[in-house]
Amino acid sequence: MTQPPKNLFLDFVKSESFGGIFLFISAVWAMIYANSFLSSYYFELWHLNLGFSLGGHFFGFSIHHWIDDVLMAIFFLLVGLEIKREVMYGELCGFSKAAFPVIAALGGMIVPGLIYHSLNAGTPSAHGFGIPMATDIAFALGVILLLGKRVPPALKVFLVTLAVADDLGAIVVIAIFYSSNLDLMWLAGSGGILLVLILLNALGVRYLWMYLLLGVGLWITMHNSGIHATIAGVALAFTIPIRITQRKQVLHSFGAMMAHFKSAFDPRTHSHNKPLDQAQRDILYTLQDATKNLQSPLERLEHALHPYSAYFIMPLFALANAGVAINQDLNFKVDEILWGVILGLVVGKPIGILGITFLAEKLRIAKRPDGVSWGQILGAGMLAGIGFTMSMFMSNLAFNNQDAMEVSKVAILLASLIAGILGTLYLIVIAKLKAKA
């Protein structure tokens with residue numbers, strides 16, 4: 001019987017940070033493959049069609065589209081579940097808790113977006129303003145956890161919460177700015193399915209298979225509506241029940257079942273090494289079922305999806321999207337994409353996060369977490385400039401021009417590397433200065 005983690009928030013941190021290792025390995029492999037003698041096979045692989053033909057019509061996508069549209073919808077479902085949990089019961093619950101990291105996330109999106117847009121204003125590349133807005137939570141957390149006791153726990157919590165709020169902002173940007181050619185009939189179908197999902201939640205239906213089955217329909221209708229299909233994952237997540245029912249009844253029955261279990265064990269007839277008899281096994285199965293009732297459908301789905309997202313979906317996304325062939329044919333002078341992304345992530349993120357939170361505290365809108373200095377907030381802002389996954393995803397949505405897309409991905413990789421190194425060195429230095437003081 002699997003035991004639920006004692007602390008959902010810490011479990012989330014650990015899962016995301018370890019997933020960052022696999023992300024890094026996958027990104028490195030992608031760059032190696034894309035610039036080796038196997039490069040032609042690498043690029044051809046992602047364009048292979050995967051599906052089936054029926055009546056002369058092909059149902060399916062290229063492998064790249066399966067990853068970006070289908071698997072990423074599952075990733076966005078997980079992101080939506082995490083956001084809902086944090087808003088309902090976690091670090092984003094209530095204005096006093098949520099105000100500081102949410103305001104920080106807002107500044108960390110606006111300033112990088114403005115930097116990028118100001119450098120590319122009046123060009124087709126201006127549409128990529130969303131690329132430097134995003135923070136990669138897995139990489140950022142992986143770096144900050146490697147710093148160990150050099151940073152206070154409150155700073156780690158702040159960075160996680162900021163990244164969750166940042167993800168929500170990125171979802172809004174995708175839904176508003178990166179959706180086009182809306183089909184009202186398919187959109188109405190999406191709305192109808194979403195209403196059914198909301199109704200199921202309101203009626204207290206807790207069968208996950210019903211939500212997931214309708215979620216497939218929501219993905220299909222949204223995919224055809226012109227809104228990016230990954231938004232279906234977020235919309236579905238917000239309808240999954242999170243409240244626990246019958247808590248008192250389940251806890252009360254635990255005592256009775258344990259007493260029954262003990263009474264079924266007779267030390268005079270059972271040795272310590274003897275397997276459990278049928279009566280004891282039946283009681284254990286009953287306890288296992290009761291334990292499941294102490295977890296909400298949202299928690300069960302979140303824990304089920306975490307390993308698939310961290311160790312399969314995200315590394316595969318990195319492998320398919322991080323590979324860029326760097327040669328003389330790559331035009332780095334496509335408008336100011338390169339500098340827009342690099343300056344947005346490396347400079348815009350820390351300035352936006354520090355500037356807006358400092359102003360918010362002075363105006364008494366939000367309060368800085370206890371035990372966290374402004375210097376450490378700046379360091380967290382630097383690490384927030386690691387924008388790998390969501391930035392890559394935004395790049396795929398923003399550009400149709402292959403040169404623009406490839407330059408933006410090189411810029412994302414460079415900016416994330418610079419932000420990670422600078423943020424790490426900076427936090428180590430201020431930790432040493434604090435220790436000497």
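This is a predicted model: local features need pLDDT of at least 70, side-chain atom pairs count only at pLDDT 80 or more; totals for chains, interfaces and linings use all residues.
How do the residues of the lining of the second largest pocket divide into nonpolar, polar and charged?

Let me start with the largest pocket. Its volume is about 940 Å³, and 39 residues line it. Those that lie nearest its centre are His 65, Asn 396, Leu 397, Phe 399 and Met 405. Five helices each supply at least two residues of this lining: α2 (39–46), α3 (63–89), α12 (297–321), α15 (388–398) and α16 (402–436). Among these, α16 gives the most, with five residues. By class, the lining of the largest pocket comprises 17 nonpolar, 17 polar and five charged residues.

The second largest pocket holds about 660 Å³ of space. It is lined by 24 residues, and Gly 20, Phe 24, Phe 139, Val 143 and Leu 417 are the closest to its centre. Two or more residues of this lining come from each of α1 (8–34), α5 (137–146) and α16.

I return now to the opening question. In the lining of the second largest pocket, 18 residues are nonpolar, six are polar and none is charged. The lining of the largest pocket, by contrast, includes five charged residues.

The largest nonpolar core has 118 residues, of which Phe 76 and Phe 158 touch the most other members. Setting aside neighbours within four places in sequence, Phe 158 is in contact with Phe 100, Pro 101, Ala 104, Ile 353, Ile 377 and Ala 380.

Technical notes: Residues are numbered from 1 along each chain as its sequence is written. Side-chain values use heavy atoms; hydrogens and water are left out. On a 1 Å grid over the protein atoms alone, a cavity is a set of points where a 1.4 Å probe fits but cannot get out, and a pocket is an open set with protein on both sides within 12 Å along at least five of seven lines; lining residues have an atom within 4 Å of a point. Grid points are joined across faces, edges and corners, and a volume is the space filled by probe spheres set on the points. Helices (H or I, at least four residues) and strands (E, at least two) are DSSP runs, numbered from the N terminus. Ala, Val, Leu, Ile, Met, Phe, Trp, Tyr, Cys and Pro count as nonpolar, Asp, Glu, Lys and Arg as charged, and the others, Gly among them, as polar. A nonpolar core is a set of buried Ala, Val, Leu, Ile, Met, Phe, Trp, Tyr and Cys residues joined through side-chain atoms within 4.5 Å. Buried means under 20% relative accessible area, exposed over 50%, partly exposed in between (1.4 Å probe, protein chains only). Contact means heavy atoms within 4.5 Å.
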